[in-house]
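Let's take a walk through this structure together, stopping at its chain contacts and at a few individual residues. Please have the sequence and the model open as you read.

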Amino acid sequence: MIKIKINDKEYSVKEGLTVLQAAEEVGIEIPHFCAHEYLKPAGLCRMCLVEIKGARKLQTSCTTPVKEGLEVWTESEAVVKAREEVLKLHFANHPIDCPECDQAGECSLQEYYDKYGFYDNPYIIKKEKREKDMELSDNLILDRERCILCLRCVRFTEEILGDKQLFVYERGNKSYISTYKGEKIISDYSGNIAEICPVGAITDKSFRFKIRSWFLEKRETICPLCSRGCNIYIETPKDKPYLDNYERLIRVKSGDNGEINKSFICDTGRYKLAEIEKRRNYKAIYEMQNVNWVRIKKILLEHIVTLDTIILSSWLSNEEIDLALSVFRDYLNIKNIFYWGRKDGEEDNILIRKDKNPNTTYLIEKKVKNIDSIDSRISNLLVFGDFFEDNPSVKEMIGENSFIMMISPYLPRDIGKINLLLPVTNFLEKGGNWTNYEGRGQTTKPVFNPKEEIKTEFEILQIIDSLLRKE
Amino acid sequence: MNYTLLVLIKIIVLFAWLMIFALYATLAERKVSAVIQDRHGANRAKILGISSFGIFQPFADALKMLFKEDYIPPFTDKFMFKFAPVITFFFSALVIIAIPFGEPVKIGKEIIKLQVIDPDIALLLIFALSSMSIYGIILGGWSSNNKYSFLGGMRATSQIVSYEVALILSIIGLIMVYPSLRLSEIVNYQSTLLWGWIPKWGILLQPLAFIIFIIAAIAETKRAPFDLPESESEIIGFFLEYSGIRFGVYMLTDFVETIMLSLIITTLFFGGWNIPYLFSGLKLSNGTIFSGFVFPWGKQLAISINWVSILQIIAFQIKTVIVFVFLLLVRWTFPRLRFDQLMELGWKSLIPLALFNIVVTAIIIAIV
Amino acid sequence: MKGFLYFFETIKGLLVTGKHLIVNFFFHTINYIFRIKTKRRGSVTTQYPEEKREIPPRYRTKHRMMFNEEGTPRCVGCMLCVTVCPSDCIFVKAEEIEGKKIATEFIIHVNRCAFCGYCVEVCPEDAIRMDSGKLDFVSDSQKNLSLNLLFKGKK
Amino acid sequence: MEKKEIRNSETENKIFEPLFNIKGIENMEVYEKHGGYLALKKAFKEKKSELLSEVKNANLRGRGGAGFPAGIKWGFMPEDPNIEKYLIVNADEGEPGTFKDKYIMSKIPHLLIEGMIITSYIVGIKTGYIYIRGEYENYARILEKAIEEAKKKRYLGKNILGKKHVFNIIVHRGAGAYICGEETALIESLEGKRAHPRLKPPFPANSGLYGKPTLINNVETIASIPSIINKGGFWFASLGTQKNGGTRLFGISGKVKNPGIYELPMGTNLKDIIYKYAGGIKDDKELKAVIPGGISSPVLTPEEIDISMDFDSLMKAGSMLGSGAIMVFDEDDSMVEVLRIMIDFYAHESCGQCAPCRYGTDVLKKMIYSVYNKEVNEEILDMIEETASGIIGKTICPFGDAVGMAVGTIIRKFKKEFFDYLRDKND
């Protein structure tokens with residue numbers, strides 16, 4: 001820790017930070033476009049100019065490292081004037097089409113204009129017309145008029161992805177961002193480019209013109225789609241009567257966790273959750289017919305004692321696994337308990353892990369075997385937990401007159417084979433602790449409120465438990 | 001002619017007259033208030049596309065009242081609740097029997113008095129009857145089983161009890177002046193002249209009594225500025241729980257009372273049917289019987305006796321209407337008194353003044 | 001003494017109202033019965049359906065949508081009106097048409113509208129205005145009071 | 001004839017001019033005959049630290065434009081011989097009006113090479129680059145030929161003059177951007193990237209080419225080294241003023257009678273340069289304005305030209321010595337036109353890296369064009385001035401400062417002319 005002075009007030013900050021980061025840490029805002037926490041400083045936008053004692057000129061705070069005894073002024077007269085001058089120039093060619101810009105509401109340019117600018121456009125010049133909807137990739141759209149050339153996107157592909165796919169072409173005011181020969185970006189992380197853009201230059205197609213950002217509410221959770229457990233934000237419409245016809249999951253944004261995912265997530269995490277949402281099931285089905293809970297309890301009581309195999313989903317939280325094991329393994333004394341999850345997929349060295357399930361580590365820790373190690377034939381089976389992709393290896397093992405129970409929030413593809421399907425809350429509707437591939441535990445809270453009749457996995461286990469005890 | 005039949009006819013005619021007057025009194029109230037407040041007033045009710053400034057409005061109102069749901073709240077004294085408006089209306093309307101509408105007319109050989117009955121204690125009778133109407137109000141307020149209604153009723157009672165005193169005391173001066181309590185004779189007395197040229201109208205003989213009387217009487221009718229029993233901005237009043245035609249009856253009573261008040265004021269203070277200097281059947285010095293105007297300066301204008309009767313009846317109506325409009329004017333001019341102000345006015349101002357009036361009157365009578 | 005003053009003030013009041021009564025009654029009579037037009041009418045009210053008041057140019061009346069020369073609505077669906085509306089009575093839906101954002105649905109629930117005019121003031125494209133001059137829109141159903149402003153024909 | 005006399009009388013105290021006049025000096029034999037590579041041989045016999053102090057004594061200031069003392073700059077380089085270091089000669093002569101470096105490179109390439117070898121020896125560098133402007137293809141060939149000759153003579157390569165010193169020179173042709181003259185942008189360009197200036201710190205002396213300590217000097221600076229070694233630092237310093245040692249190549253262009261390169265001591269009066277050496281204004285017209293150091297230095301009015309041509313006094317007068325390219329305008333020249341051409345150049349050459357310069361040059365260009373086309377009224381001049389001053393001090397490299405200063409000064413000093421120009425619009 002070293003001591004620095006910002007605006008004549010003394011603070012002690014960590015070593016190795018830039019002035020911008022240090023100021024942010026102590027709660028002083030310095031406007032910036034190009035600086036990003038996980039990208040190298042570039043000093044391009046010149047918005048973060050501050051006055052530093054001893055320096056002849058104003059210095060960019062994003063590139064100046066803190067030193068012992070540094071004295072910084074972020075709101076001095078010179079700084080405010082310089083900031084306004086720079087902001088003026090940023091707006092000189094900007095189309096200011098906020099009404100149709102999806103970034104409006106979370107746009108740095110807009111924010112800083114409100115905060116530091118607020119002048120009429122002083123330049124009597126014609127604004128340049130440029131390409132407004134260039135497809136940068138399958139999910140990104142580039143608007144060159146709005147671009148302020150902070151180069152965050154270029155630097156992201158260069159520094160984080162390592163495969164430089166975006167470049168600056170031309171020079172001076174003619175410069176523009178493009179891919180090589182205008183080809184589309186192919187990357188598993190392209191969604192981040194839209195998120196990282198401080199203005200509305202690069203926007204996400206899935207969010208394009210859908211809803212204004214200020215109607216959205218951020219809810220924090222983790223991404224369940226691989227074992228890394230990236231922190232994400234789910235954005236959902238705020239309760240307003242005229243927003244009724246929107247889905248509850250509008251978009252996924254990356255959370256900020258320097259130890260796990262910095263502030264980036266892969267495209268799978270960004271777009272797949274919305275797909276999964278659509279396969280949600282809310283009906284209890286017994287032999288292809290709807291049933292009510294009174295009936296279900298009878299059926300459960302009848303069949304639960306005859307179970308011989310339990311398959312636990314690796315989408316269950318730690319607490320649910322603990323309770324399931326205590327009910328099935330300790331109380332019912334069932335030996336055949338296996339875990340199951342989505343099939344392994346590709347892996348890279350940025351974020352994506354091979355294991356596509358959030359909580360396999362904990363199951364292995366609890367000595368639950370993999371589903372591949374089933375050797376005997378199964379007669380009565382209970383599948384427990386999120387289950388939206390079929391696993392072929394189990395089908396061969398299932399005997400003729402077996403009873404298959406399934407407790408899952410999703411409708412499986414071969415519903416015909418399942419005798420009893422109970423709906424439960426899905427990942428986003430429940431909270432819990434999750435253990436990622438490196439053994440790091442993370443806690444989530446429910447993102448959405450489940451429908452009233454839907455029970456959590458925990459409640460269903462409690463019902464089973466109480467049924468058994470009554471007997 | 002059969003006396004009973006005659007009375008019956010008189011009652012029917014009077015009742016019809018009263019009802020029509022009352023109906024149009026509602027319209028008059030709305031119109032007068034509108035005109036005072038630079039508005040138009042009710043003018044929308046139409047029959048065959050003719051609205052004619054709202055002359056059909058009272059019928060529309062009446063129809064509306066009749067066809068509205070007559071809701072009787074639970075926990076009320078059903079009988080009393082239904083009966084109360086009728087009591088008020090009955091006693092209010094009954095006052096009319098003693099009012100003389102004109103000089104007795106001669107049809108054929110019969111001399112018909114233009115009043116139902118002509119008792120010799122008429123003056124006392126009318127005040128006795130009008131005081132009876134308070135029973136309906138307090139019963140209505142009480143039987144509604146609502147504290148606000150009851151409060152309204154109680155207020156009405158206390159108000160009437162207070163002002164009855166001033167009212168009667170102010171009358172005493174008149175009684176001292178007038179030769180009889182018989183209303184026809186009172187009117188006749190008022191048609192005589194004082195010092196040969198001033199008609200002996202009550203207002204001229206007893207101006208202070210008139211002021212006290214009119215204030216007290218307005219308080220008796222429970223209309224603004226003395227509408228504390230109703231107080232629509234505070235407690236809504238004794239008829240809070242009433243709806244439909246029962247409420248209509250209460251509302252009508254309100255107007256009937258006002259009409260009665262204008263009739264009484266006309267009779268007692270404005271010479272009733274009397275037109276100054278117009279005489280019928282006056283025996284002149286030469287012995288002939290003369291009908292027509294005899295002005296103080298000696299000029300004579302002969303009019304047939306039938307026309308005299310008609311003029312007198314019309315004069316009475318006009319006087320009544322003028323007084324009625326004046327009462328409306330009062331009602332739309334002043335704000336409501338506070339209860340303590342009401343009591344103060346009644347007990348501290350009006351009653352002493354009335355007593356003072358009696359004393360002065362007695363002294364003057366003694367001197368003259 | 002106080003009461004005495006009161007007495008004269010009450011007389012004064014009676015004179016004021018009485019003056020109104022008589023003067024207005026006179027003008028009512030000559031205006032409405034004898035049909036003589038005078039400058040003074042004896043009333044400040046207007047008889048609404050028959051005679052209509054002149055609406056000032058900035059008076060806020062029924063909303064209308066502005067259209068471009070090509071016939072597309074000016075509204076780009078920025079939803080600022082939705083945001084600013086205190087009565088929550090505006091519903092907008094925008095879609096991409098030929099690369100541009102254009103409103104495809106613009107509904108105002110007039111029976112919930114407070115006619116505050118914020119939507120007009122906030123509109124960056126000058127797409128919505130409240131200067132149609134229409135004040136009398138009544139209906140016996142909620143449905144008819146949901147104005148679809150993108151509907152161009154007469155309703 | 002007059003011109004030659006002046007030159008001859010002062011040849012003793014000059015470095016380049018005597019050599020310029022020798023025919024065939026670009027060849028090794030002729031150069032060696034006239035005392036070439038003697039300084040190298042002398043230098044190799046002396047201690048490095050003594051040589052460095054000699055350079056420091058010479059008060060040699062960078063001839064590229066900024067005027068940073070060369071000796072101090074060399075002192076920043078790490079002394080550890082194990083660290084790989086680079087020498088870059090900045091021959092990207094992009095400044096309009098400047099043509100001195102090409103003179104040196106075309107006439108006396110060996111002087112530059114000798115200077116580079118001496119520098120490499122003093123600082124301990126194994127590789128040197130000559131970053132030459134892409135348009136100077138001919139001079140690049142001359143340099144390459146000279147390098148070949150030097151290699152044959154074993155002045156370059158391994159074991160130079162029997163010592164353990166290794167040095168190679170690579171001629172790199174630039175891609176043709178003005179910004180490549182900025183040292184960090186030059187390094188980026190040399191590395192094969194976009195010529196975007198780097199953030200400073202770190203300075204090139206710590207982390208330059210390929211992240212290694214790098215020494216960057218102008219052609220003229222390096223070419224002055226042999227004479228410093230030959231005749232001593234104090235001799236060199238005595239040629240100029242107190243803080244500005246040596247002579248300087250002034251390239252005079254524009255409306256003068258005798259335009260060309262003049263080697264004159266630092267601190268020569270500008271008035272003398274124009275009237276005495278360059279022979280006065282063409283056709284004896286009135287002088288209107290002088291740009292004393294290349295287009296990016298603020299303009300001087302006739303009243304201000306009585307000034308000593310050194311870094312400090314020009315700085316005090318609000319201008320820059322820059323590359324010593326003096327441009328002279330007479331009364332016929334329209335300053336509006338000058339400004340238009342200037343802003344054209346700036347807007348074209350802004351690299352577009354940092355926002356104020358990128359947007360600022362564009363905005364200025366559009367506004368100045370509207371003035372040029374007489375589409376606006378006088379108020380815009382204040383706006384232009386304000387915008388120009390708004391760019392100063394906010395950019396990564398000095399280009400933004402240069403734009404702001406130059407444009408602002410022209411408007412400020414010739415406001416009356418702009419007013420008249422705009423008022424004429426109805427005629």
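## Where chain A meets chain D

Across the interface of chain A and chain D in this predicted model, 14 residue pairs are in polar contact, both partners being at pLDDT 80 or more. On the side of chain A that touches chain D, α2 (77-92) and β8 (166-169) of chain A each supply at least two residues. The largest share of that side comes from α2(A), with 7 residues. Charged pairs take part as well: the count between chain A and chain D is 4 salt bridges. A salt bridge joins A:Lys57 to D:Asp401, and their closest N and O atoms are 3.7 Å apart.

How many residues of chain A are in contact with chain D? There are 34 from chain A, and they meet 31 residues of chain D. Between them, chain A and chain D bury about 2700 Å², with 58% of this area on carbon and sulfur atoms. The residues of chain A that lose the most area to chain D are A:Arg46, A:Leu89 and A:Arg171, which together make up 25% of what that side buries.

## Where chain B meets chain C

Now turn to the other pair of chains. The contact between chain B and chain C involves 17 residues from chain B and 21 residues from chain C. About 1600 Å² is buried between chain B and chain C, and carbon and sulfur atoms give 69% of it. In chain B, the most area is lost to chain C by B:Val35, B:Asp38 and B:His40, together 37% of what the chain B side buries.

For polar contact, the interface of chain B and chain C has 11 residue pairs, again with both residues at pLDDT 80 or more. Two helices of chain B, α1 (3-36) and α10 (305-331), each supply at least two residues of the side that touches chain C. Of the elements on that side, α10(B) gives the most, with 4 residues. The count of salt bridges between chain B and chain C is 1. In a salt bridge, the side chains of B:Arg44 and C:Glu50 meet at 2.8 Å, N to O.

## A nonpolar patch on chain B

Which residues of chain B form a nonpolar patch on the surface? They are B:Leu353, B:Phe356, B:Val359, B:Val360, B:Ile363, B:Ile364, B:Ile367 and B:Val368, and together they have about 780 Å² of accessible area.

One of these patch residues is B:Leu353, which sits in helix α11 (residues 339-367) of chain B. B:Leu353 counts as partly exposed because its relative accessibility is 35%.

Let's finish with a look at chain D. Is D:Glu188 buried or exposed? With 13% relative accessibility, D:Glu188 counts as buried. D:Glu188 belongs to helix α10 (residues 183-191) of chain D. Leaving aside residues up to four places away in sequence, D:Glu188 touches D:Lys193, D:Arg194, D:Ala195, D:His196 and D:Arg198.

Our last stop is D:Tyr277, found in helix α13 (residues 270-277) of chain D. The relative accessibility of D:Tyr277 is 11%, so D:Tyr277 counts as buried. D:Tyr277 and D:Tyr262 are 15 residues apart along the chain, and a distance of 7.9 Å separates their C-alpha atoms.

Terms used. Residues are numbered from 1 along each chain as its sequence is written. Chains are lettered from A and ligands numbered from 1 in the order in which they are written. This is a predicted model: local features need pLDDT of at least 70, side-chain atom pairs count only at pLDDT 80 or more; totals for chains, interfaces and linings use all residues. Side-chain values use heavy atoms; hydrogens and water are left out. Patches are made of residues with over 30% relative accessible area and no salt bridge: like charges are joined within 9 Å, nonpolar side chains (Val, Leu, Ile, Met, Phe, Trp, Tyr) within 5 Å. Accessible areas come from the Shrake-Rupley method with a 1.4 Å probe; for residues, only the protein chains shown count as cover. Buried means under 20% relative accessible area, exposed over 50%, partly exposed in between (1.4 Å probe, protein chains only). Contact means heavy atoms within 4.5 Å. Buried area is the accessible area (1.4 Å probe) that two parts lose on being put together, summed over both. A polar contact is a pair of N or O atoms within 3.5 Å; within protein, one must be able to donate a hydrogen and the other to accept it, and residues adjacent in sequence count only if both atoms are side-chain atoms.
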